[in-house]
Amino acid sequence: MTDHLSIRPRRLRQSAPMRALVRETTLRPSALVLPAFVREGIREPQPISSMPGVVQHTLDSLVDEGRRAIEAGIGGLMLFGVPTTKDATGSGAIDPDGILNVATARLRDEFGDDLLVMTDLCLDEFTDHGHCGVLDDRGRVDNDATLEVYSQMAVAQAEAGAHLVGPSGMMDGQVGVIRRALDRAGFTDVTILAYTAKYASAFYGPFREAVNSSLTGDRRTYQQDPANLREALRELELDVAEGADIVMVKPGMPYLDVLTRVAEASPVPVAAYQVSGEYAMIQAAAERGWIDRERAILESLTGFVRAGADVVLTYAAIEAARWITEPRQVAR
Ligand code: PBG
């Protein structure tokens, strides 16, 4: 009767030190990246109502955030720009005086190589129609014309000082043209974090507020169908062949199976993005006292790493890094 009870998995769970001894997955602050919004023409940081605790930064408050990021030991900042004016081709994206490029240059000025500065490489924040690319005469997103703009945007971001660019527009061939444009301009060291499997997701909702998005409609002609997995592996093959240094799956929690499969197949590091809607859900439930915010965030981030992520983008990066470094006292 007691035979099978000689094997007791609970022995390894009996105390905090025992659990720590056999823990399979650990979160590193240096693997966490903070997405940050910087808005042109504001004097004070602006709260984002659907993302409590996240703001649209001024240039100065962004620098403060950069300092906190370094102190917390996180992996870097991924910058998104919120311009005051937009046009059909998103020309603010390639303008050295455009907000994203100005912010990039400012962070490099302040911190040099002490903080990894990453830039979103996509047109949606800069176009008056809100799409990730330029439109053809029938109003469809024109893949190849968009690639031309992405090439210029990549060089503009590298000139501003970006260590890494993150093409997030899901245009075919984007990684290849960006790599070629960067190399031709002498930026062979600028790293490409490719949004490889980016799904057309409802979980980007709060992000639209965060960047004052002009989009009406959706992005289903370029972002992936949430129902598809094989397609993600095809995108992975293409991005790696085109020269991606890091690949990413996005959103995070509803796509952990995709993350695992991509991580198993990828020859390069894999990132996952805990997107605005995932963050907002945790915040909203925590505000109501329905879940423990700190535990929910750390558990979700641990899940990404366990599923195969080497790098995690999360709006809670700085806090999470602090929690990891100085764990709160929990009852045994
Ligand atoms: C597009 C972009 C989006 C996000 C990151 N890059 C929005 C979209 O694809 O609609 C979403 C990030 C988030 O929801 O946190 N530049």
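1. A quick word on naming before we start: helices here are DSSP runs of H or I with at least four residues, numbered from the N terminus. Keep in mind, too, that this is a predicted model. With that naming in hand, look for Asn212 in the loop between helix H6 (205-210) and helix H7 (230-242). Asn212 has a positive phi of about 50°, although it is not a glycine. Its relative accessibility is 32%, so Asn212 counts as partly exposed.

2. Met170 is another one to check. It isn't a glycine either, yet its phi is positive, at about 60°. You'll find Met170 in the loop between strand E6 (164-167) and helix H5 (174-184). Is Met170 buried or exposed? With 6% relative accessibility, Met170 counts as buried, since the cut-off for that is under 20%.

3. While you're on backbone geometry, have a look at the peptide bond between Lys250 and Pro251: it is cis, with omega at about -5°. Pro251 sits in the loop between strand E8 (246-250) and H8. Why flag these spots at all? Because most residues other than glycine have a negative phi, and most peptide bonds are trans.

4. Now for helix packing. H8 (residues 256-265) packs with H10 (residues 293-307) at an angle of about 35°, and their axes are 8 Å apart. Which residues make the contact? From H8 come Leu256, Leu259, Thr260 and Ala263, and from H10 come Gly303, Phe304 and Ala307. By class, that contact of H8 with H10 has five nonpolar residues, two polar and no charged.

5. The other helix pair to look at is H2 (residues 59-72) with H11 (residues 317-325), packed at about 25° with axes 9 Å apart. That angle makes H2 roughly parallel to H11, because angles under 35 degrees count that way. The crossing of H2 past H11 is left-handed. On the H2 side, Glu65, Arg68, Ala69 and Ala72 make the contact; on the H11 side, Ile318, Ala321 and Arg322 do. Here the classes come out as four nonpolar, no polar and three charged residues.

6. Last, the aromatics. There are eight aromatic pairs by count. Take Tyr273 and Tyr315: the ring centres are 6.1 Å apart and the planes lie at 50°, so the pair is tilted. Tyr273 is in strand E9 (residues 270-273) and Tyr315 is in the loop between strand E10 (311-313) and H11, so this pair ties together parts 42 residues apart in sequence. Both Tyr273 and Tyr315 are buried. They also belong to one aromatic cluster with Phe37, Phe80, Tyr195, Phe207 and Tyr279.

How values were computed. Residues numbered from 1 in each chain as written. Predicted model: local features only at pLDDT ≥ 70, side-chain atom pairs only at ≥ 80, totals over all residues. Heavy atoms only, no water. Axes fitted to C-alpha atoms, helices over the stretch in contact; angles between N-to-C directions. Helix = DSSP H or I, 4+ residues; strand = E, 2+ residues; numbered from the N terminus. Parallel < 35°, antiparallel > 145°, perpendicular 65-115°, else oblique. Left-handed = near helix turned anticlockwise from the far one by under 90°. Contact = heavy atoms within 4.5 Å. Nonpolar A, V, L, I, M, F, W, Y, C, P; charged D, E, K, R; others polar. Phe/Tyr/Trp six-rings, centres within 6.5 Å; stacked < 30°, edge-to-face > 60°. Buried < 20%, exposed > 50% of the residue type's maximum accessible area, 1.4 Å probe, protein only.
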